[in-house]
Amino acid sequence: MCGIVGYVGSQEAGPILMEGLRRLEYRGYDSAGIAVLDAEGRLRVVKRAGKLRALEEAVTEDMPSGTCGIAHTRWATHGAPNETNAHPHFSGAGDIALIHNGIIENAQALRRKLVELGYQFTTDTDTEAVVHLIDEAFKTNSTLEDALVAALYQVEGAYGIAVISSRDSGKIVVARNGSPLLLGVSQNGEFLVGSDAAAVVKYTRDVVYLDDRDYAVLTADGYDVYSLGSGAVSRSVHHVNWDLEAIEKGGYDHFMLKEIFEQPSSLRDVMRGRLLEEEGNARLGGITLSDEELRDIKRIVITACGTSWHAALLGEYMLEELAGIPVEVEYASEFRYRNPVLEDGTLVLAISQSGETADTLAALREAKRQGARTMGIVNVVGSTIARETDFGIYLHAGPEIGVASTKAFTSQIVALLLFTLYVGRRRGLSILQGREVVAGLQALPGQVEETLRLSDDLRLLAEAYQDCRNFLYLGRGYQFPVALEGALKLKEVSYIHAEGYPAAEMKHGPIALIDEDMPVVVLAPRDQVYNKVVSNIEEVKARDGRIIAVVSDGGVPELESKVDHLIRIPQTAPYLLPVLATVPLQLLAYHTAILRECDVDQPRNLAKSVTVE
């Protein structure tokens, strides 16, 4: 959620830190700040509420000078999003500055203890307690890292921390527990810190991902990594395989639109080198189970949040239909606090674009604690879920900057189908069926390109409905998760209330809402439940609902007179239709939001990677 960036080296830190914050804006934030140690070892802090441009204006007039500093974009959890609560936070004497992602769960107890020791609190945040703990620890420790470690032993909760101090200048000390943090390593005496690679990739593509309970000390001479209670440790250097252009808009007005139009490429990338046409099979080098072990899987539990949960539902349908494996889909936020039954033969599959989603990671760890085999489907190479699962699949979709997920969602669907094909061919799926799946996948990127040509038509449709206050999305079978995703996209970026429902469930409540002011988006491609959905359309029409129908090629004359608008997508297999049906819903949400003058790339109150509960 929040963004962290730090720099120590030979250059002026301020411009590098501000550039890093710009690269992290997509994560979602409501205030920003910067702290730099100047040439005399004094600490200078500047912070502002609101968008980054407010901080940019402040530092343009008076940029803090120095070669060591930290900066932060905050997404409020404790305390209002104002300048006082913005990070960095600093000690009473102004000689320690700290930035923090996560939540300190025992902050109130620590605050009471520190007030008794004479400390005064000036913010409403949980983070300020850590600054004062470090200040107190400096009374018995001579280095910043020792003071931070002493403080961390008193802290409960999740944190990604970076701290500097004029008492021990020329270094940045960082720590991670439950909130992602990485080091950027260059070859010319410059070292960076980031909450993700976007913050550092302009300066280096070599990164070191910290594990939970790691802390590190960075100076212009190098870096050292330690584990709390274990001493010095070695962490691998990973090479980021995408360049700076991947996180630029590339001529598009918004990242969301760019990423919608990148889907033909992102789908090709997730399939690249993984399709075996003649064998009707998939090649998945990241799956380490033997054929016998795959055949022994008795049940799969898929856990995810948000858009990834919608992809998980589609994975359930695919795996049960094509591979014959019972599947359950769990909200990670609920799974982690239950006592789930994970008997022998259960595989737990975690899906997360970032690979850092706090609830999904906690659910994964609960599954591992119970001894279950674990698998991940993630986009970010080297992310925590990727490192902690037993095996998995990378999406290779490239960085997704828009907060509302688009290309990652469709890539997740394809990755799940590749896994289904891989397992199914080892559990009874015939070679002819396998070849049909492969052929459908091969045609899919071109069909998405065809569907993207609807963008101008969907903008006109958005003009007709931009002032509506509610939408209903209906789908059956494979299209039900698409209805959920379409409603979520509209909510996220346009702030219009929208709900997704199984079409047959409309009669069990939502039908009461339908009148001439209620637009109803009905997913009605040609599949095994098409006729049932046509009946649902009749029921909406009988109550004067305004119907927008997504249909597939193959002739729909019976719908021409029944609906207000037809959106035509290409015909394909039922398990691939969700990819094509999703694209016009993404475009409808995007154009509606733009017409309503909403910030589609950074919707209010949302964050790209939810790394706190």
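In what order do the eight strands of the open sheet lie? In this predicted model, the order is β3-β2-β4-β1-β10-β9-β11-β15, with antiparallel pairing. The edges of the sheet are taken by β3 (43–49) and β15; each has a single partner strand, so one side of each is left without a neighbour in the sheet. From one strand to the next, the twist averages 20°.

Strand β10 (residues 191–194) was examined together with its two partners. On one side, β10 is joined by four bridges to β9 (residues 182–185), and the two strands run antiparallel. Within this pair, V185 has F191 of β10 as its bridge partner, and L183 is bridged to V193. The hairpin formed by β9 and β10 has five residues between the strands, and in this hairpin G189 adopts a positive phi near 75°. Strand β1 (residues 3–8) also pairs with β10, again in the antiparallel sense and over four bridges. Here Y7 is the residue whose bridge partner in β10 is L192. The residues of β10 point in two directions: F191 and V193 one way, L192 and G194 the other. All four of these residues are buried.

Helix α9 covers residues 306–323. Just after α9, a positive phi of about 70° is found at G324.

The largest pocket was then considered. Rolling a probe the size of a water molecule over the atoms shows where empty space is left. The largest pocket holds about 800 Å³ of space. It is lined by 46 residues, of which W242, N379, V380, G398 and P399 are the closest to its centre. By residue class, the lining of the largest pocket divides into 18 nonpolar, 15 polar and 13 charged residues. At least two lining residues are supplied by each of β11 (206–209), β15 (237–239), α7 (263–271) and α12 (384–388). The largest share of the lining, three residues, comes from α7. Two of the elements that contribute to the lining, β11 and β15, also belong to the open sheet, where they follow β9 in the strand order.

Definitions and conventions
Residues numbered from 1 in each chain as written. Predicted model: local features only at pLDDT ≥ 70, side-chain atom pairs only at ≥ 80, totals over all residues. Heavy atoms only, no water. Expected span 1.5 Å × (residues − 1). 1 Å grid on protein atoms, 1.4 Å probe; cavity = no way out; pocket = protein on both sides within 12 Å on 5 of 7 lines; lining within 4 Å. Points joined across faces, edges and corners; volume = space filled by probe spheres on them. Nonpolar A, V, L, I, M, F, W, Y, C, P; charged D, E, K, R; others polar. Pairing = 2+ DSSP bridges. Axes fitted to C-alpha atoms, helices over the stretch in contact; angles between N-to-C directions. Buried < 20%, exposed > 50% of the residue type's maximum accessible area, 1.4 Å probe, protein only.
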